[in-house]
Amino acid sequence: MPHLFFALSLIALALMLAVVWQASAPAWKTYQREFHRLESVGEPNALAQNAMLTTPLDIRQVLLPGLQRVDRCTTCHLGVEDPTMKNAPQPFTFHANLAPHVPAKFGCTVCHGGQGLATGERGAHGRVQFWQEPLLPKEYIRASCGRCHKEGEVPGVPELAEGRRLFETQGCRGCHKLNGVGGSIGPDLTEEGAVRRFPEWLARHFLDPNAVSKSSPMPNFHFTKEQARALTFYMLSLTSEQMGTYYSSVRLIPSAGYGRQLFVEKNCIACHSIGGVGSKSGPDLLGVTKQHSSGWLDEQLVNPQLVYPGSSMPEYDLETNARKAIVTFMALATAEDARSILSRRARPLTAQEAAIEAGKQNFARFGCVGCHGIQLQGGVPNPNSQGGEVPSLLHASDDYTKQEVIKIIQNGKAPPVENPKKPVPPLYMPSWKNVLSEEDINRVADYLWSLQKKRDAW
Amino acid sequence: MNPIRDAWQSIFRRDPLSTDKGKSELVFLNVWLHIHPAKVKKENLKVKHTFYLGFITFYLFLILVTTGVALMFYYRPYPPQAYQDMKDLEYVVYLGTFLRNMHRWAAHGMVICVFLHMCRVFYTGSYKRPRQFNWVIGVVLFLLTLGLSFTGYLLPWDQLAFWAITVGTNIGSYAPLVGGRIRELLLGGHSVGQSALLRFYVLHVALLPSAMILLIMVHFWRVRKDGGLSRPVWKLKAESSAKLVSIGAPAEPAFRVVPASQDKTYGLMEVVTGKPTFETVTAEEEEDTVFSYPYAFFREAIALVATVISVMAVSLFWNAPLEEMANPAKTPNPAKAPWYFLGLQELVSHSALVGGVVVPALAVLALVAIPYLDPNPSRRPADRKWAIRAFAVFALVNVVLIVIGTLFRGPGWALVPPWVHIAGAE
Amino acid sequence: MNRRTFLNWGTAGIAALCSGIAVSLAAVVRFLTPSVFYEPPQMFKIGNAADFSFGPPTFLAEEKIFVFHNRETGFAVASAVCTHLGCTVGYFQTDGRFHCPCHGSVFGADGAVAHGPAPRPLEWFEVTLARDGQLSVDKDRVVPAAYRLLV
């Protein structure tokens, strides 16, 4: 009896030692030792070298409560901020162009993806089951810029702006909701960047939806590779990041391009001129950054009355970085910019033209083109509906009066079914009366009517 | 006067273990060990009779308490942090993965062993008088084990946990009249959320373990007072076996007085003295007894070390699962309860009220009633064929239902062969 | 079994038991020692040398340190935590000393206790130059008051 007990105790002890041994040799310790060895080579004397080699090994962590993340990537990726490691092998390689996104304030995973909590390679790179944010491939990393920088442009990442433009003009909202506006036929895309961070899937999806999503009623928009890429970038940026105050305060990029966008949005040319081109009500702005400090200009944008009491310049409620952007634009704005801004402004429209133009904008913005086509040609397959596809709107006036069309837009319409025994057609006309005002719907009808093909005279 | 010897003897007051007196005193002068008798009958030690399942279940419970307390140092029972702490245990805490594995596999082991222990007690007829109420306490301990396992299942706050508990609490809500209220009390709300996590945590680390420990104490005490561990009395010599096998037979008075041996009297705190009313050790059986130390203790110690080794070995090689973080908006298909409730879920899929409430309630009531309804005074298996067959069927039905629920049910709870999909939530 | 066998097995058994207990205790202590801290880090970067003016020290509120930049002798970093009971001290240009608002401790320019209930001088932390050119402060490494980093 005691022999058996003793033998079993030895086995238990052996198992305990096995557990302890297993726990004391994680891979990251090997990487850290190797890195210290590499670093010690660059040290000037034996004492410093020894100090480097005997640096204690521990898990390194960047706590980011403002981004609700914890990143432990630097446990292995020790050389990201060390320029002498430019040619070192991974995981020690130096990360160029980090500023202003220093690891201490931003970590790594918010741009690169991956599982920041992990300390092993596979787990940390996120390519494991049950982790929804794997490491992004190199060519898609810049899509992450759009996770925080949602307004304006991001210098160096034109794909984001292009993706957003395509989304708004190709009619995606007809079937997909984004931030509460859009149709319910396809999935809501407001958090698409959070739930589906698989760029290869997204790109293939845009090139041919049915190849990746078998029974999807989404039509093939025949996007080019570049367009699919831009849309993929845009999708990846659709996350709702919880950002602490520091991050929300620096979110807007004060670039000249954004400044120009704001200049146009706020219609500054209505009162100001640049190099003589523009309106004469307010002062000319050419070279204004040489005459006044940026602090003075900033104050002017915040509180125009302070500097010029009685000024008719309105108070714009602009964030710090938005004001910075405008000032940045002012530093390079020329008369040429003013001319180009003026020429883009629409010439005054008649009331009729304005209504049709507004209707056209609505038609694109709310996604009607997604099913009915940019030229109203229809043709999107709708299995088991009579006719088998979404109808063209070019002959709507043959079958309906304008009032009937307005009613259909307001209340929606299920397509007539071809074969009652087969499944109901997946695409239908949704009801828009809760989304669009009566005026907006009337304008859409005006736009449609302006495009009706005249019936051939018999 | 040797001061060192004095100091030693002030702590360890017994005689040396080489003496009989010392062996006895080790048991009855020691607060931790005196649940044992100083001497046990040899048949009490038979492995093939009890398989030491009761001990193993208890040891698994001890492993669970130890590893559980260790894990408590690194776990916060609030929804987003709970999942992060599970990841921290996996990646950052020294021995975190190992301890979590120990805890999970010991938990599964305990549910299995407590069930097997119940089967064994039935098979050896050890629930018969005077041990009926101890069987009832055992059933309550079984239910507490399931409750502890269920409350602990939610704590990782991953998809597996969240939906298993959603399904489990919904099954419970089918109970008539009180079902909805019980579910509301458990969840602290209408659905599984941060209140549910906190309540389940309190139940899991404080309330249920306290109840468990108290009832275990009663359970062990009763075993001792009822004459010690179960032994195959039908295998003893004919006359004594005849006497012992038919304890409390209906034709005889409720308490059968056994003639006391001449050398033994029993005193109870010098207030009551008297003769024994249940079993006593007769002169013949005296030869069949051995000292608890070392015979019983070494066997129990071996069972303990063997249990620990098994759990450690499994924990070294198999990791407890952790799926993605709980997402109320995304239901896995199929959503399955923890495995020990899958039999229940299978029944519920056929009928919510009958399957989910009536049948399980009747099953528990029937279990509790077994010792009181059993008319057969004999413990010999040969005399109880039909009882044993009936219980075997009951056990088998449970196992089969769980197997069906685990391996044969796929998306939409449709029947699919086990090789088509992976068991459990996707 | 005879006495020799018992003693041999017994000693071996006790040795195994003791090593088991020692390993377990060591493992328990290591288990309870946190590997990561959910606090701001003890070692951090504070910026480039050019960001710090000469003269009175720069106070970094979040890190609770004073950064001295002397034209001739270089950088020194002092703790802003009073050694009495932990309040944050302030630097007064009028007398060039640190004053604690809580119980009136006063520390000289080198951190030594001038008067008040503080038992020990203010701590000075090691400041080094990181490979990317920024200054790096390590609060886990306390250095003598005379320590300077010449950049």
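The buried residues of helix α12 of chain A are Ala228(A), Arg229(A), Ala230(A), Leu231(A), Thr232(A), Phe233(A), Tyr234(A), Met235(A) and Leu236(A). Before I go on, note that this is a predicted model. The helix itself runs over residues 225–236. From its first C-alpha to its last it reaches 16 Å, close to the 16 Å expected at 1.5 Å a residue. Nine of its 12 residues are buried, so α12(A) is largely enclosed by the rest of the structure. What does the covering? It includes α7 (145–148), α8 (158–169), α9 (192–195) and α10 (199–207), which belong to chain A.

Now the domains. Chain A is divided into four: domain 1 covers 30–135, domain 2 covers 142–236, domain 3 covers 252–344, and domain 4 is made of 351–419 + 426–450. The pair I looked at is domain 2 and domain 4 of chain A, whose centres, taken over C-alpha atoms, are separated by 23 Å. Across that boundary, 15 residues of domain 2 are in contact with 14 residues of domain 4. On the domain 2 side, the touching residues are six nonpolar, seven polar and two charged.

Next, the contact between chains. Here 21 residues of chain A are in contact with 22 residues of chain B. Which element of chain A gives the largest share of its side? That is helix α1 of chain A, residues 2–23, with 11 residues. By class, the chain A side has 16 nonpolar and five polar residues, and no charged ones.

On to the nonpolar cores. The largest has 49 residues, and those touching the most other members are Leu154(B), Trp157(B), Ala161(B) and Ala164(B). Several elements each supply at least two residues of this core: from chain A, β1 (62–64), and from chain B, α5 (79–91), α7 (132–154), α8 (159–172), α9 (179–187), α10 (194–225) and α14. The largest share, eight residues, comes from α8(B). Taking one member, Ala161(B) touches Tyr153(B), Leu154(B), Leu155(B), Pro156(B) and Ala326(B), if residues up to four places away in sequence are not counted. Another core, of 41 residues, lies apart from the largest one; among its members are Leu160(A), Phe167(A), Leu238(A) and Phe329(A).

Last, some backbone details. There is a cis peptide bond from Ala99(A) to Pro100(A), with omega near 0 degrees. Pro100(A) lies in the loop between β2 (69–71) and α4 (103–106) of chain A. In chain B, Asn333(B) and Pro334(B) are also joined by a cis peptide bond, with omega about 10 degrees. Pro334(B) is placed in the loop between α13 (292–317) and α14 (342–350) of chain B.

Then there is positive phi in residues other than glycine. Phe51(B) has phi near 55 degrees, and Tyr52(B) has phi near 55 degrees. Phe51(B) is in the loop between α3 (47–50) and α4 (53–72) of chain B, and Tyr52(B) is found in the loop between α3 and α4 of chain B. Is Tyr52(B) buried or exposed? It has 24 other C-beta atoms within 10 Å, and the cut-off for buried is 20 or more, so Tyr52(B) is buried. Phe51(B) has 15 other C-beta atoms within 10 Å and is therefore partly exposed.

Conventions:
Residues are numbered from 1 along each chain as its sequence is written. Chains are lettered from A and ligands numbered from 1 in the order in which they are written. This is a predicted model: local features need pLDDT of at least 70, side-chain atom pairs count only at pLDDT 80 or more; totals for chains, interfaces and linings use all residues. Domain bounds come from an automatic or database domain assignment. Two residues are in contact if their C-beta atoms, placed from the backbone, lie within 7 Å. Ala, Val, Leu, Ile, Met, Phe, Trp, Tyr, Cys and Pro count as nonpolar, Asp, Glu, Lys and Arg as charged, and the others, Gly among them, as polar. Helices (H or I, at least four residues) and strands (E, at least two) are DSSP runs, numbered from the N terminus. The expected span of a helix is 1.5 Å times one less than its number of residues. A nonpolar core is a set of buried Ala, Val, Leu, Ile, Met, Phe, Trp, Tyr and Cys residues joined through C-beta atoms within 7 Å.
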